[in-house]
Number of protein chains: 2
Amino acid sequence: MNSDRKLFLLTNDDGIQAPGLRMLIEVVKHLGDVLVVAPDSPQSGQGHAITVNDPLQYSKIVDNGKEYREYSCSGTPADCVKFAINEVLDKKPDICLSGINHGTNASINVLYSGTMSAAIEAGIQGVTSIGFSLCDYSWEANFSVVKNHVLKIIKKTLANLNEEISVLNVNIPKVEDEREIQGVKVCRQAKAKIREGFDKRITPMGKEYYWLTGDYENMDEGQDTDIYALSKKFISIVPTQFDLTAHNKINELLNWTFNE
Amino acid sequence: MNSDRKLFLLTNDDGIQAPGLRMLIEVVKHLGDVLVVAPDSPQSGQGHAITVNDPLQYSKIVDNGKEYREYSCSGTPADCVKFAINEVLDKKPDICLSGINHGTNASINVLYSGTMSAAIEAGIQGVTSIGFSLCDYSWEANFSVVKNHVLKIIKKTLANLNEEISVLNVNIPKVEDEREIQGVKVCRQAKAKIREGFDKRITPMGKEYYWLTGDYENMDEGQDTDIYALSKKFISIVPTQFDLTAHNKINELLNWTFNE
């Protein structure tokens, strides 16, 4: 019997073959039992989408019993987490890890991120989770230099598990050498927006189409934000919630006298 | 010159032909200039997805000049809002209205909702917004009985516009007669999850596939929640934010000593 053995659920939004996920598997596979359920194709920008108008298909890719299993799924990152917890596993995982994402999920990107929506979905399901992102969009990003930092954060989180669920948004600056990383900072999400562009093109048949593009626009000078920490080569950790109520606005709204 | 004329941006997630959107157009079309940009097909459950791996296409459906225009878009509700504000309009709309959704977006549904993600996207873009949902999933839902309530909430919001952006999640109970509605309550989002099911089926070729199903599971006994208000036949209004930082967890995380 090995009842103290931890159960890890892994997913991502770049797809089951992404190097970032492969590195995350590398980091945790000797720490306990591992179930990977990840999208069969890239799902960047999927946010908290779930698949309600189409059926879902799953394929078992690797099956080494409870110790190590991999499934690919035709759905979104949030679907993967729902399927893993409700259909594959017979007990809750100890922790859900999502990523390592190719590209930043700091600041407002948390809302568009499939990586973070998978982590948030785990939180909704009552499982503590961490979404990891490396601020490098390249498919060939150098994940090996952040391996030790990722392992350290996972171990710290496991050591602090308690009744209250934590969902952590971890972003790691792009570095050439792990010693460039200055440490870890607990932060708040920076206020920002994406300044959109629409790159207009013409199909061979003469019809207009557009590619969505965008530049990040920081509107926050605070030194307690994820963007600031990353700019100083710190890893940022933002504790993340799924209560979207703007509690500080309730009193103002009560003055709007909707019932007059 | 008519510079006091309000500019309304309308969208939804059920698609440009949905009766809920048609009713919303009916309510506002005499109040000012109206631009509708809505998905060309149903986008329920799309959450805050944006389209980054595919191009977007748009078609002009109606063009009565600035007074009334309709576009359909191949993308998500959030894409529609980005396109409208950044590509179609030459000034910011006074307000963005999303819906009227066929089905509830109360409680945790706010995260999965394309309707509310469109409203939140407007908020990110600096535009006050309201997502309207009628707690009736039927395509033939009776929107006429909620028309006056929707108009009242839009007018109240326009009368209270200020520098600070508001994003409102409005849910309306299903009623037979508008007089059944007891009034409007400002609420917080109820704590809940969806208890998932996966309905397994077999294709004619013998391959397994699944339909995601789910029952709503309320875990919140508070009388200040949207779910409670709706159960008492009140319209619920939850002020909604896009800062996902769990501010109340920052101190706890600082004790985790990540930098030891």
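Predicted model: local features only at pLDDT ≥ 70, side-chain atom pairs only at ≥ 80, totals over all residues.
Figure 1. Of the 260 residues of chain A, 50% count as buried. The chain holds seven helices and 11 strands. Its radius of gyration is 19 Å, close to the 18 Å that the globule rule gives for 260 residues, so chain A is as compact as a globular protein of that length. The C-alpha trace spans about 65 × 50 × 50 Å along its principal axes.

**Figure 2. The open sheet of chain A.** Nine strands make up this open sheet, and their pairing is mixed. The order is β3-β4-β2-β1-β5-β6-β7-β11-β8. The edges are β3 (58-63) and β8 (184-186) of chain A, each pairing on one side only. Neighbouring strands are turned by 20 degrees against each other on average, direction ignored.

Figure 3. Strand β4 of chain A covers residues 68-73. It runs antiparallel to β3(A), and five bridges join the two. One facing pair is A:Y58 and A:C73, the latter in β4(A).

**Figure 4. Helix α4(A) against the sheet.** Helix α4 of chain A, residues 114-124, packs on the sheet. The helix touches four strands of chain A: β1 (6-11), β5 (95-102), β6 (129-134) and β7 (167-172). The direction of α4(A) makes about 170 degrees with that of β6(A).

**Figure 5. Helix α2(A), residues 77-88.** The helix has 12 residues. From first C-alpha to last it reaches 15 Å, close to the 16 Å expected at 1.5 Å a residue. α2(A) is mostly covered, with nine of its 12 residues buried. The buried stretch is A:P77, A:A78, A:D79, A:C80, A:V81, A:K82, A:F83, A:A84 and A:I85.

**Figure 6. Chain A meets chain B.** On each side of the interface, 60 residues take part: 60 of chain A are in contact with 60 of chain B. Helix α2(A) gives the largest share of the chain A side, five residues. By class, that side has 31 nonpolar, 20 polar and nine charged residues.

**Figure 7. Helix α4(B), residues 114-124.** All of this helix is buried, 11 of 11 residues, so α4(B) is largely enclosed by the rest of the structure. The buried residues are B:G114, B:T115, B:M116, B:S117, B:A118, B:A119, B:I120, B:E121, B:A122, B:G123 and B:I124. Just after the helix comes B:G126, which takes a positive phi of about 85 degrees.

**Figure 8. B:Q182 in its loop.** This residue sits in the loop between β7 (167-172) and β8 (184-186) of chain B. B:Q182 has 14 C-beta neighbours inside 10 Å and therefore counts as partly exposed; a residue is buried at 20 or more such neighbours and exposed at 12 or fewer. Neighbours within four places in sequence aside, B:Q182 is in contact with B:K232, B:K233 and B:F234. B:A229 is 47 residues from B:Q182 in sequence, and their C-alpha atoms are 9.5 Å apart.

Conventions: Residues numbered from 1 in each chain as written. Chains lettered and ligands numbered in written order. Rg over C-alpha atoms; globule rule 2.2 N^0.38 Å. Expected span 1.5 Å × (residues − 1). Contact = placed C-beta atoms within 7 Å. Nonpolar A, V, L, I, M, F, W, Y, C, P; charged D, E, K, R; others polar. Pairing = 2+ DSSP bridges. Axes fitted to C-alpha atoms, helices over the stretch in contact; angles between N-to-C directions.
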